[in-house]
Amino acid sequence: LAEKAQSELSIELNKVEESNGGCQLTFLAASSHANGIAQLVFETVLFDNEGGVNRLTLFDFGAIPAGVPRVRQFVIPALACSDLAQILINGVSTCQAPGLDEAACSKGMNVTSRIEVELIG
């Protein structure tokens with residue numbers, strides 16, 4: 001049996017919780033790129049329970065060092081967590097990865113969700 005290739009970038013939606021009149025999203029990000037990622041910004045789309053687009057926004061994950069998982073949190077103002085059904089990573093807005101091409105932040109990316117809100121991309 002062939003072993004499944006390990007993705008070089010993984011993003012997990014770990015938790016959502018109400019926070020300061022909005023919904024706080026908690027992600028766990030990890031990179032196995034040799035030099036890590038110096039700057040990572042995703043264009044994301046938030047979908048409501050009916051499948052409609054709630055908003056399009058940027059999530060700045062900052063630096064993701066090689067082999068060191070990082071937790072990133074984002075508060076979405078004026079959004080109840082119960083109204084959030086799905087998050088789409090629509091594309092990469094910024095990818096600064098020393099020694100790697102511009103596809104380093106999107107090629108082979110693995111997205112998962114630990115909770116009921118789905119993460120796709």
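A nonpolar core is taken here as a set of buried Ala, Val, Leu, Ile, Met, Phe, Trp, Tyr and Cys residues that are joined through side-chain atoms within 4.5 Å, where buried means under 20% relative accessible area. The model is a predicted one, and within it the largest such core has 29 residues, of which Ile11, Leu25, Phe27, Phe61 and Ile87 touch the most other members.

- As general background, nonpolar side chains in soluble globular proteins tend to be buried together.
- Leu25, one of the residues that touch the most other core members, is in contact with Leu13, Lys15, Val16, Phe59, Arg72, Gln73, Phe74, Ile76, Leu84 and Ile87, once its neighbours within four places in sequence are left aside.

**The four-stranded sheet**

- An open sheet is formed by four strands in the order E5-E2-E1-E7, and the pairing within it is mixed.
- Strand E5 (70-77) and strand E7 (109-113) are the edge strands, each of them pairing on one side only.
- On average, and with direction ignored, neighbouring strands of this sheet are turned by 25 degrees against each other.
- Strand E1 (residues 9-19) pairs with strand E2 (residues 22-31) in the antiparallel sense over ten bridges, and across this pairing Glu17 stands opposite Gln24 in E2.
- The two strands E1 and E2 form a hairpin with two residues between them, and Asn20 in the turn has a positive phi of about 50 degrees.
- E1 and E7, by contrast, run parallel and are joined by five bridges; here Ile11 has Val111 in E7 as its bridge partner.
- In a regular strand, the side chains alternate between the two faces of the sheet.

**Thr26 in strand E2**

- Thr26 lies in strand E2, and its relative accessibility of 8% means that Thr26 counts as buried.
- Not counting residues up to four places away in sequence, Thr26 touches Glu12, Leu13, Asn14, Lys15, Val71, Arg72 and Gln73.

**Disulfides**

- The count comes to two disulfides, and when the bonded cysteines of the protein chain are numbered in sequence order the pairing is 1-2, 3-4.
- Cys23 is joined to Cys81 by a disulfide with an S to S distance of 2.1 Å, and this disulfide is right-handed because the torsion about its S-S bond is about 110 degrees.
- Because Cys23 lies in strand E2 and Cys81 in the loop between E5 and E6, this pair ties together parts that are 58 residues apart in sequence; both Cys23 and Cys81 are buried.
- Cys95 is joined to Cys105 by a disulfide with an S to S distance of 2.0 Å, and with 75 degrees about the S-S bond this link is right-handed.
- Since Cys95 lies in strand E6 and Cys105 in the loop between E6 and E7, the pair ties together parts that are ten residues apart in sequence.
- Cys105 has a relative accessibility of 0% and therefore counts as buried.

**Salt bridges**

- The count comes to two salt bridges; in general, side chains of opposite charge can pair when their charged atoms come close.

Definitions and conventions: Residues are numbered from 1 along each chain as its sequence is written. This is a predicted model: local features need pLDDT of at least 70, side-chain atom pairs count only at pLDDT 80 or more; totals for chains, interfaces and linings use all residues. Side-chain values use heavy atoms; hydrogens and water are left out. Two strands pair if DSSP finds at least two bridges between them. Axes are lines fitted to C-alpha atoms, for helices over the stretch in contact, and angles run from 0 to 180 degrees between N-to-C directions. Buried means under 20% relative accessible area, exposed over 50%, partly exposed in between (1.4 Å probe, protein chains only). Contact means heavy atoms within 4.5 Å. A disulfide is a pair of cysteine sulfur atoms within 2.5 Å. A salt bridge is a side-chain nitrogen of Lys or Arg within 4 Å of a carboxyl oxygen of Asp or Glu.
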